[in-house]
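This report covers an interface and a sheet. The structure comes first, then the details.

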Amino acid sequence: MAYFQGETKGLNNYLFHCSFLRSLTGNEVQVWSKDDLRPYLLYLHQARVVDAFFGGIVFEAERSVDGSTLSSKSLGFGKPPTVDSWKETCRELFRRGQNLAAVVELSKEIPFGKMIDIWIALPYPDVTQHAFGIIDDTLLHFRQDHKDRKLALKWWIQQVATEWQALSKEVIGHRARFCGFVWSKSSLAPNDEQLVTDINGYLHELGYHTLWMQNYGTVKGHEGKRLGFDIVLTRPTYLGTKNRGIEWVETASSYVKAFEHGLILWAGGIDSPTLMIELLNLGCQRFAEAFQLFELPVKSLKQMYEKEDPMYVYVYAYTKKAYRPIPNPTSSIEK
Amino acid sequence: MGILSQGLEEIGISSSAYNTFHSYLGYRDYVHYADVYDLEYIFREAMEYFDLFHFHYGMSMLPDFADLERLRKHGKAMVMHHWGNDVRTPEIAKQNNPFAYTDDSPPSDKIHESLKKITASIDHAIVQDFEVYPYVAPYYKQVHVLPIAFSVKRVLPKYPSAMNTIPLLIHAPTNPLFKGTLHIEAAIDRLQKEGYHFRYRRIEKMSNEEALRVYQEADVVIDQILCGSYGMLAVESMSMGKPVVGYIREDLQAMFPEMPPIVSANPNHIYEALKELILHPEKRVEIGRKSRIYAEKYHDITVVTKQLKNIYDIVAESLK
């Protein structure tokens with residue numbers, strides 16, 4: 001029994017989750033500039049680069065600009081997506097000067113010998129969609145024909161792969177590597193199971209890694225390998241409430257270890273203002289070596305850096321295995 | 001649940017339904033497949049995004065109802081929809097119905113505890129009829145009765161044939177103990193041994209979509225004969241123009257807007273009721289026609305959605 005460790009597959013540990021396009025609840029469109037990304041990819045002190053920071057990024061579009069659902073998390077938070085919203089996701093991801101293109105540019109600034117790992121979350125082909133749109137002269141209906149969901153995903157993957165090749169050639173001397181795709185829907189409907197198995201097989205043929213972000217407790221959570229995922233990251237839904245306190249994370253970490261998963265440190269709880277520090281306190285003692293993804297409120301780490309919040313230092317120290325538990329913590333993570 | 005979301009969409013109200021209880025029935029239209037952890041994960045955003053929360057089956061989004069107080073403080077309208085098994089205690093059930101089966105409900109003290117927690121934040125409940133009403137009425141400020149919804153008008157009725165001398169009887173027990181399957185099949189057995197001509201088919205482990213296709217072939221549908229009221233199977237079957245056998249408690253009959261055309265039979269009468277329908281094809285046709293009319297009048301999605309919208313208006317108004 002051991003936690004999954006990125007080194008075993010030549011992957012960087014400590015990813016951060018980067019939501020882009022329209023947020024779940026508001027009208028604002030999230031765009032990540034180089035300045036936004038710099039405090040994540042580089043550990044900064046008074047605007048000077050001290051060290052490399054996070055080892056990789058997971059980009060995930062939550063909703064399209066017109067409010068269509070893209071990520072699995074956004075299901076129910078807007079209308080079902082169309083082929084145009086999926087195209088927009090790809091276009092905005094690679095738009096020069098922002099988001100993924102900004103990461104690739106920025107990767108040239110990271111200390112010599114380091115690389116940035118890029119992961120991209122697949123949009124979720126929502127089964128409530130009647131008419132997704134036309135791809136290769138075929139009108140796709142996710143609701144009527146589940147094969148169409150696979151066709152759409154393969155098409156989107158091809159778009160991303162093509163865009164990546166173009167961007168990669170364009171930015172001379174970058175040090176970003178595109179590792180693979182992420183399936184971010186935790187619970188799997190019966191027709192999702194076949195879909196992810198097929199898509200994982202397809203991605204492996206193309207030479208990509210596959211990663212599943214799931215919640216601790218989800219029914220098929222331990223079947224990631226059977227479904228063809230290379231990596232499974234488990235998110236303990238630590239809410240800071242009764243039944244979902246820090247003990248929940250402790251129990252989850254035992255499960256994670258038993259099934260060789262990694263962990264998602266999700267700062268989305270509702271009651272505990274010290275939640276992030278509690279996670280770091282526990283993590284440095286229980287699962288320091290595990291492959292981990294930080295899922296923090298959008299751009300919160302940048303704000304911490306700008307406000308000189310010690311949390312910025314704590315997270316950095318954690319990723320370098322130099323963090324020590326802080327008793328009676330206080331935190332300024334803003335939700 | 002999905003059907004209500006569909007109905008709301010048809011009158012221009014955006015809604016999203018999440019189902020965390022998955023069975024072989026495979027309800028999937030207008031419902032997002034989820035589990036309880038998915039709901040925990042999206043709770044904060046959901047609290048911001050949605051205006052009204054319609055919970056079902058005595059459950060909410062976070063463990064121990066930790067979400068309800070937050071939603072209330074956030075000024076969100078809330079209503080809890082109880083379906084029966086989530087609140088049916090033996091103490092009340094047995095008062096008016098010696099046949100009631102409650103072993104698939106939580107223990108009474110757990111039901112009481114849950115209802116106390118829920119009603120600390122939620123004032124309004126929805127129930128499908130007056131059979132469920134007394135279990136929750138003491139707890140809520142207001143309990144609304146909303147009949148089961150079905151897309152009645154999208155289903156073409158297929159009335160039994162008066163010429164059919166070997167009728168097909170169908171029973172589809174999702175929970176045989178609750179439905180009284182033992183009594184039903186004992187009556188079937190007796191009728192078969194006595195030489196009556198009919199066919200019997202028990203439907204189980206079949207998706208709802210598939211089952212609906214099978215019900216189309218039925219001449220008689222046997223619903224539940226213990227509970228004292230009727231459920232989804234009866235509504236689906238009435239919509240198809242099928243005569244339905246089920247038990248409508250005598251004291252509840254006047255509580256319906258009009259007496260449902262269901263052939264009422266409890267375990268004491270099931271044999272007679274089935275025999276009557278087997279022997280009289282013209283009755284099957286007549287009751288089937290009445291059933292369709294009743295379903296259109298009270299259970300069609302357009303009718304029920306209007307009532308639901310009124311309930312939502314009342315719930316939202318009560319926040320002001």
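## Interface of chains A and B

Lys242(A) and Asp64(B) form a salt bridge through their side chains, at 3.5 Å from N to O. The term means a side-chain nitrogen of Lys or Arg within 4 Å of a carboxyl oxygen of Asp or Glu. By this rule the interface of chain A and chain B holds three salt bridges. On the side of chain A that touches chain B, twelve residues are nonpolar, 15 polar and eleven charged. Nonpolar covers Ala, Val, Leu, Ile, Met, Phe, Trp, Tyr, Cys and Pro; charged covers Asp, Glu, Lys and Arg; the others, Gly among them, are polar.

In all, 38 residues of chain A contact 27 residues of chain B (heavy atoms within 4.5 Å). The two chains bury about 2,700 Å² between them, with 56% of it on carbon and sulfur atoms. Buried area is the accessible area (1.4 Å probe) lost on putting two parts together, summed over both.

## Basis of the model

The model is predicted: local features need pLDDT of at least 70, side-chain atom pairs count only at pLDDT 80 or more, and totals for chains, interfaces and linings use all residues. Residues are numbered from 1 along each chain as its sequence is written, chains are lettered from A and ligands numbered from 1 in the order written, and side-chain values use heavy atoms, without hydrogens and water.

## Sheet in chain B

Four strands of chain B make an open parallel sheet, ordered 3-4-5-6. Strands are DSSP runs (E, at least two residues), numbered from the N terminus; two strands pair if DSSP finds at least two bridges between them. Strand 3 (52-56) and strand 6 (142-145) of chain B are at the edges with a single partner strand each, so one side of each lacks a neighbour in the sheet.

Strand 5 (residues 124-127) of chain B pairs with strand 6 of chain B in the parallel sense, over four bridges. Ala125(B) stands opposite Val143(B) there.
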